[in-house]
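Thanks for sending this one over. Have a look at the model first, and then my notes follow below.

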Amino acid sequence: MRIFTRSETLRLPPWRQKFIKRSKIQPVYKHSLEKVEGIGKKLGLYFEGGKTEEADIVVISMGRIPNSNLFRRKVKMDQKGFIIVDAKTQKTSVPNVYACGDVTDASGPQPQAMIAAGNGMIAGYTIVEDFLKEGVMPSSL
Ligand SMILES: Cc1cc2nc3c(=O)[nH]c(=O)nc-3n(C[C@H](O)[C@H](O)[C@H](O)COP(=O)(O)OP(=O)(O)OC[C@H]3O[C@@H](n4cnc5c(N)ncnc54)[C@H](O)[C@@H]3O)c2cc1C
């Protein structure tokens with residue numbers, strides 16, 4: 001297995017770098033993919049500068065963009081568009097609006113399903129507490 005990256009390093013936490021060093025995964029640096037094309041039963045990878053490679057399976061991973069446009073200019077976001085939340089409550093900059101999961105700045109550099117689910121639990125508890133402060137018990141969430 002090879003990882004082609006256009007950069008000179010793998011932007012991974014140190015423990016993942018160590019894992020890759022010990023594995024049979026081979027990083028290939030400074031390779032910018034331009035096109036993938038079927039060649040018979042194989043796949044042809046075409047890189048900037050004319051280099052080509054063949055592969056059986058290609059998995060493409062090209063960064064992470066939060067799907068938060070709907071809330072742009074409505075709740076506070078960081079420069080990349082992640083919704084800024086208070087990690088203890090999942091509250092956004094707007095009262096009674098809560099956010100959880102990958103779309104928030106609290107999801108961290110390695111977003112995981114369990115983190116998103118945990119955020120959801122915290123938001124749920126916060127919402128109930130906020131309702132109770134108003135003297136109202138929500139019938140559903
Ligand atoms: C390739 C890959 C592998 C992964 N592997 C793992 C793993 O092994 N273990 C792990 O813990 N995590 C893994 N993750 C991360 C995990 O999938 C996410 O952290 C998790 O799904 C985040 O949950 P979420 O609810 O925040 O967002 P999502 O799961 O992305 O859910 C957001 C939902 O909102 C919907 N939506 C978007 N816009 C709108 C709209 N306008 N109206 C209505 N609905 C809308 C979307 O359709 C989607 O269903 C992986 C992620 C990827 C991409």
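1. A word on contacts to begin with: of the protein chain's contacts between residues at least 6 apart in sequence, 21% join residues at least 24 apart. Please keep in mind that this is a predicted model.

2. The protein chain has two helices and five strands, and their order from the N terminus is β-α-β-β-β-β-α. With a radius of gyration of 21 Å, well over the 14 Å that the globule rule gives for 141 residues, the protein chain is more spread out than a compact globule. Along the principal axes, its C-alpha atoms fill a box of roughly 65 × 35 × 30 Å.

3. Buried residues account for 12% of the 141 residues in the protein chain.

4. Now for the backbone angles. Most residues other than glycine have a negative phi. Lys30, not a glycine, has a positive phi of about 50 degrees. You will find Lys30 in the loop between β2 (26–28) and β3 (33–39).

5. Gln90 sits in the loop between β5 (52–55) and α2 (113–133). With 25 other C-beta atoms within 10 Å, Gln90 is buried, since the cut-off for buried is 20 or more.

How values were computed:
Residues numbered from 1 in each chain as written. Predicted model: local features only at pLDDT ≥ 70, side-chain atom pairs only at ≥ 80, totals over all residues. Helix = DSSP H or I, 4+ residues; strand = E, 2+ residues; numbered from the N terminus. Rg over C-alpha atoms; globule rule 2.2 N^0.38 Å. Contact = placed C-beta atoms within 7 Å.
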